[in-house]
Amino acid sequence: MSTATAAYTGGFNWFKTGITVGLLLVGSMLFALVYLLIPEFHEWLMASLGVGWAVAAGFGLAVLLAMIYRPTALVRGWRWWSALAIVGAIAVGGLTLWQGESGASYAYGMAGRWGYAVTGGRLWLWTIHLLAGLVLISLLLIPKAAKGYWTAGRLLGMVAWTGLVFAAIGAKYTAIGLAMASVAVARGTRRLVGMRPVKAPATPKPVFQPAAAREPNEPEPPEPSAAPQKVSMSRSGGWQLPPVETLAPPEPNQINQAAIADMTEEIKDALAEHGVYVDVEDVKAGPRVIKFGLVPGYMPVKATKDGDTSKQRPSRVRVGDIAKRQKDLALALKSPYIRIIETPEPGEGLVGLEVPNPSPGKVLMRSIVEGPEFTKIVDKGGLAFALGEDAGGQSLALDLAAMPHLLIAGATGSGKSVCINSLVASLLMTRPPDELRMIMVDPKRVELTPFNGIPHLVMPVIVEPDEVQPALRGLITEMSRRYKLMEEMGVRNIAGYNSKANEPMSFLVLIVDELADLMMTGGLEVEQQLVRLAQLGRAAGIHMVLATQRPSVKVVTGLLKANVPARVAFAVASQVDSRVILDGGGAEALMGKGDLLLLNNDHPKARRGQGTLVYDDEMDRLVEFWRNQQGPPLPPIDLSEEDEGGDEPDPENIDDIYQGNVLDQARDLALRNPRLTSAMLERRFKVRKSTADELIEELRGEGLVIGG
């Protein structure tokens, strides 16, 4: 073997190193040229994996160098390479938690849509990935750690099981003690009043719990005027709130208990015919729906070959078997609008069955406004909303400030517009204009225009689609101004600011009656503005109520839906529309006319209810009350756009565009929206189409605009 060959095989290989370094330099230069000369490639990189490409490139380079110099190290140290890959994946997932200022990094985070698809930009989900990755790394590098994990998990399971056993025993003896105490008290009471003990009926009837205000046998409650509610008292700002008598009094609803008892027997018989045995232990009647609580029973014990049944253990009916019989129950109850709730509410070991009420009633707004739930929200300073009553007859009083935004969807005639009127009426009953201002958008021109003239409106009801985007931009400017004031005051939200400032801020509520018209005319820009308001509006006291009768994925986009957690679904045409609103089915089986499903943070499973009914004359009295009231002057809220370039420049001379500063503003707009079009520039800057096309060509040449 020659000296050169020995140097090549035993010493440092300068030749291979030089080739490797040269190839890396050439590849880096080619990548830089493509990155700079092809804007589409740059956009694809940032949209697909973002900054995470640096992590992927580093890992790939390390693998490439190992294959060139130490190929056996990839096989021998596979555990270390796998651990390094897991660390890189965790790092890419963590990049989704940081959001850029514009473009794809603003929508998906610094790891692009691939990283966003893994974690969704949620800290808790990335934390789970981090913990799982650490456990997997420890198992790869220290295989003996698996035994320790198994032992620790087994000990935790034993401790949890022991705690549950002791808790069950304690609950059992506590229930026995309470039952004995109640029996003793009942016997003592009968001795005092000289009553005879009443024998229990031979066949136990289901426990029926109607709403307290709807029991026909109870005496009439005192008139609300004798004890005025807090919601009808005047505030210190000089404005007088409307009295509760402005609303129509609640109408009593007669409960047909005989019909409910017959339905109970029909439910048990219909399920028993198919070998599904249940007991009905709890019945709650709502205005439109009756909720039955089903307890799975036990299957009959089958005898063995020798006829002995003592060795057989009875098996309980599965919840899935009850859910499979929904169509049989609908046939037995002669109603297609039934709904089975397989997962019970916390604290209730029952399978819920919702059946239409044979004697339906109305939920008038006054019955909710005078309730304790609504009054509690008003007392703590929230934006109370009388939505209606649930299937059990309980009030659905929500706080718009805590939601903090609401999406309402439903087909024509399902009750969507009445729900919006209930929301506006709730706000007008509880908030004077110095505490609450509203912006209404009504492309249909008939639903919200009757509210013109009330002092709560910042501007007249917007009916032209072209006027919506300037109003949204002005609202974003107002939100930024409020954040600056809160920063100077050193507070985090509007509540902290109002507790310290001499001039408190008022809540701002944006109500859009038809979101589909806005998305069709405004497109991406409207969606970006609504998403920005949804993300940052809560702390500044800005809340949105969006309504649509066409809940498609083009109208209710995923990004918008992710920032609007509270949703109310009325009857829709198909299960696809229901999944768009609620991420699940159910809304396609609603009865209409106010029958709804509510999904919010307090109720992660859809909760059924009946919407509040507000008559037209009630709304007319409310509007007239506020129109005729003369209060102190209100602080101005300027939502008008600033002058963005003056008069339109001469399209024949592009230098006029530069002198008018329109091009600089178009550059700023393109940085926030790389898919800018000439139509957007026409509407934004009020220029001709030829001028907008020249601006787009100029921006495309600078690499700020992508697409054709």
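In this predicted model, Asp 517 and Arg 550 are paired through their side chains in a salt bridge with an N to O distance of 3.1 Å, a salt bridge being a side-chain nitrogen of Lys or Arg within 4 Å of a carboxyl oxygen of Asp or Glu. Asp 517 belongs to helix H19 (residues 515-522), whereas Arg 550 lies in the loop between strand E11 (542-548) and helix H21 (558-562), so the pair ties together parts that are 33 residues apart in sequence. Helices (H or I, at least four residues) and strands (E, at least two) are DSSP runs, numbered from the N terminus. Asp 517 is partly exposed, at 21% relative accessible area, and Arg 550 is likewise partly exposed, at 38%; buried denotes under 20% relative accessible area, exposed over 50%, and partly exposed the range in between (1.4 Å probe, protein chains only).

A salt bridge also joins the side chains of Asp 583 and Arg 567, at 3.1 Å from N to O. This pair links distant parts of the chain, 16 residues apart: Asp 583 is in the loop between helix H22 (575-582) and strand E13 (595-599), and Arg 567 is in strand E12 (residues 566-569). Asp 583 is exposed, with 52% relative accessibility, whereas Arg 567 is buried, with 8%.

Within helix H27 (residues 689-701), Arg 700 and Glu 697 are three residues apart and therefore separated by about one helical turn. The closest N and O atoms of their salt bridge are 3.1 Å apart. Arg 700 is partly exposed, its relative accessible area being 25%. In total, the structure holds 19 salt bridges.

Gln 610 is located in strand E14 (residues 607-611) and is buried, with a relative accessible area of 8%. Its side chain makes a polar contact of 3.3 Å with that of Arg 288; such a contact is a pair of N or O atoms within 3.5 Å, where within protein one must be able to donate a hydrogen and the other to accept it, and residues adjacent in sequence count only if both atoms are side-chain atoms. Apart from neighbours within four places in sequence, the residues in contact with Gln 610 include Pro 287, Val 363, Leu 387, Lys 593 and Asp 595 (contact: heavy atoms within 4.5 Å).

Residues are numbered from 1 along each chain as its sequence is written, and side-chain values use heavy atoms, with hydrogens and water left out. Local features need pLDDT of at least 70 and side-chain atom pairs count only at pLDDT 80 or more, while totals for chains, interfaces and linings use all residues.
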